[in-house]
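Good morning, and thank you for coming. I would like to take you through one model, element by element.

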Amino acid sequence: MTIEISVKRQKSKDEKPYIQKFLYTGDGNLTVADWLTEVNRKEAKTDRIAWECGCLEKKCGACAMLVNGYPMLACSVFLKNVAKRGKIILEPFHKFPLIKDLIVDRSTIFDTMKHMKIWLSEKDSSDYSWDRELQYKAGQCLQCGCCLEICPNFLAGREFAGASAMAEAYRAIEQNDWGDHRNDMKKEYRKRFFAYCGQSFSCKSVCPQKLPLDAIQARINGFKI
Amino acid sequence: MEKTMIIIGAGAAGLSAALEFAKNGIKSILVSDMPSERAQSVMAEGGINAALNTESDSSELHAKETMKAGRYIADPRAVSQMTAAAPEIIEKLFSDGMAFTLDEEKRPDVRAFGGQSVKRTFFAAADTGKQLMHVLIGQVRRYEAEGIIERRTGWTFLKLLHDSEQAYGCVLLHPITQEKMTCYGKVLIASGGLNGMFGNATGSVRNTGAVSANLFASGVKFANGEFIQYHPTTVKLHGKNMLITEAVRGEGGRLYVLENNKPVYFMEEKYPELGNLMPRDVVAREEWLQMKQGKQVYLDMSHLGKEIYEKRLKGVIDDCIRFLALDPRKEPIPVLPGIHYFMGGIWVDADHRTSMKNLYAAGECACQYHGANRLGGNSLLGALYGGSVAAKSAMEDEDIMEPPSPLVSDREAKEQTAGSYVENWQALQDIMKNGLAIIRSEETLQTALADLDKLTEKVKKEYDTTATEAENQALADCCLLGKALLLGALERKESRGAHTRSDYPAEREEYQKQTIAEFTGGKIQIYFQKAGEQK
């Protein structure tokens, strides 16, 4: 099969974006990440496409980007499955500040969790009947940003924290002992998530880890938020 | 001068070090090109070892088995200290909220792992590294909010600032903006293995080996570089390999090659008793022998049945479908050995001090704990324990002196000519893959050395203006470190642990030592010394 792959490129946020087109010929059993690796070794080797990757096995969340307008991890989608009428468009996330080509600045994800004080200060050791399975799942979040990119309420730099911080907040609030820090986290959660979430759950549908974001949200909302 | 520690790498070892500093009120700068959520540590599946000190187990036995797996070249003092600390590390992780898989009494459960006579591997389903990192990241976040840990995410290590005596800090580079930043302080390296120099490792592609190579080129000693653990069942992606868990063979998966279009189950034929379940290194070597004859090795699980697929091997099936477009219930998986771990690394003593004053190293980038081969479940342990020990040593050591001014880096920029970074890097990977393949010999190593010398000459003349300064420098440094690894393998005229020489198949007592590589006076020197003996 032949696929026309368009990559949105931009040297920096101050320069103009442009589309570079490549023609792929093969069986299409190649992930977008593998294609990017190959194209940077060949056609684009003197002007490599900037993109982030780490594990290439859906474990680190680095390679999140828009593939035909849909946020996903480049490492786990095949060209043949994503091509629409023989075409694929690769773009950086729109809701985060652009750094270069397919790389955006996702630091807001991490800064938000810091502002929300999401950590364990004193573990509540009295109760081992927590739902460890749900805690485990919440801990599987890759912080890739797919849920934020698709969310109708999220924009980097605004107050709404989005689903990734919500999943983290759930685990920290559930595990933390009662006290000021726990109350602070609840307050932050109310302010930065509960007040804004429109319950569209597009986050759940797009999550590469398939986290049960509805169940997690139901649980955290049960903590007398 | 303000007392600040610089940590290069924000995986398990780097975070462990940062937390140790923070608990003692010492500020640190945590440098990584990506957030900790993207570090290789999150990929660790299996578990983390600790002896429960029950009737059947003890930290002494854990140490003994670690030493045995490492074929007695690891530092016994360091290993004993690590295994003694292990139970407390597990307890701490549990009390810090790590979602371990629990037993009936709601305590962390253990499972059996290769090379160990008792069950002592704690785990969190198939995502031990991810769940462990989740806990560490949360703790670090707290100290970040308090201003004790300062993250410099998006920056890479460019070079060490040092003189012949000691390190004074390092220069960081922002790979996108090309901005440089100089940081003064003691430097703790936790930059992971040498994956990028080979291109067929199962770990992260971001662990390029560039930091280790720069340190080696700066005169820092390297140890045991020839000991590279290969996993027998990996599949090739582009730019790296992906692991297919041993559980496939554990559940009855069979390895074969085709001869005259008929499957030959080479492991079962040669080893009738254990067959496909022989130890990793044996399976990997047998596969290599088949591959040398031009044959493709396949892993067949198409006969295992629905129940095993659904209950035990679902993850593998999903991965094959997702990454290979292959359904292993219907067709065999083409496999090959891939690099799983670098036992060797920056030389450190039992307290994680390198050969250069004010420079420390921990985690996979350091040579500590695993000797000639690593026990499964010991890498996360080594990273956590090593990171905290390295930090303690840095806090104990005398404060850094003011750097002599002006502090000139030892290597200047080269004349610029057009070249190709991408091509040269791939050439380096090919040379390293062939030279340090599973089975080595004088002949293959000499061939690799000759090829590498040619490449090095080419790299010396070229400066690819389409690549960053850090990339150009890394290429030159990695050629140098690559040569040191090949020379180490050449000088070690025996087979031990993960180092197999077809021309020297036996283990020899005179080599029950660490291989030390040192770059001094423009030359690489290789010598052997007992672990724990002088620097």
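Let me begin with a question: which residue in β8(B) is the bridge partner of Phe157(B)? It is Leu172(B). Before I go on, please note that this is a predicted model.

That pair belongs to two strands of chain B, β7 (residues 156–162) and β8, which pair in the antiparallel sense over six bridges. β7(B) and β8(B) form a hairpin, with four residues between them. β8(B) is also joined to strand β9 (residues 180–184) of chain B, by five bridges, and these two strands run antiparallel. Here Val171(B) stands opposite Thr182(B) in β9(B). The hairpin of β8(B) and β9(B) has six residues between the strands, and within this hairpin Gln178(B) takes a positive phi near 70°.

Is β8(B) largely enclosed or largely open? Six of the seven residues of β8(B), which covers residues 167–173, are buried, so the strand is largely enclosed by the rest of the structure.

Most residues other than glycine have a negative phi. Leu56(A) is not a glycine, yet its phi is positive, about 60°. Leu56(A) lies in the loop between α1 and β3 (64–67) of chain A. Is Leu56(A) buried or exposed? With 27 other C-beta atoms within 10 Å, Leu56(A) is buried; the cut-off for that word is 20 or more.

The second residue is Asn224(B), whose phi is positive and near 60°. Asn224(B) sits in the loop between β11 (222–223) and β12 (228–236) of chain B. Asn224(B) is buried because 31 other C-beta atoms lie within 10 Å.

Strand β11(B) brings us to a sheet. In chain B there is an open sheet of four strands, in the order β18-β11-β22-β23, with antiparallel pairing. Its edge strands are β18 (345–346) and β23 (523–529) of chain B, each of which pairs on one side only. β23(B) pairs with β22 (residues 514–520) of chain B over seven bridges, in the antiparallel sense. Thr515(B) stands opposite Phe528(B) in β23(B).

Next, helix α2 of chain B, residues 59–69. Its buried residues include Ser59(B), His62(B), Glu65(B) and Met67(B). What covers the buried residues of α2(B) includes β3 (48–49) and α3 (76–95) of chain B. After α2(B) comes Arg71(B), with a positive phi near 50°.

Let us turn to the nonpolar core. The largest has 233 residues, and among those with the most contacts inside it are Ala169(A), Ile7(B) and Ile346(B). Helix α15 (residues 469–491) of chain B gives the largest share of this core, 11 residues. Leaving aside neighbours within four places in sequence, Ile7(B) is in contact with several residues, including Leu30(B), Val31(B) and Leu188(B).

Finally, where do the two chains meet? The contact takes 42 residues from chain A and 41 residues from chain B. On the side of chain A that touches chain B, 16 residues are nonpolar, 13 polar and 13 charged. As for chain A itself, it has nine helices and seven strands. Of its 225 residues, 49% are buried. The C-alpha trace of chain A spans about 60 × 35 × 30 Å along its principal axes.

Terms used. Residues numbered from 1 in each chain as written. Chains lettered and ligands numbered in written order. Predicted model: local features only at pLDDT ≥ 70, side-chain atom pairs only at ≥ 80, totals over all residues. Buried ≥ 20, exposed ≤ 12 C-beta atoms within 10 Å, placed from the backbone. Contact = placed C-beta atoms within 7 Å. Pairing = 2+ DSSP bridges. Core = buried A, V, L, I, M, F, W, Y, C linked by C-beta atoms within 7 Å. Nonpolar A, V, L, I, M, F, W, Y, C, P; charged D, E, K, R; others polar.
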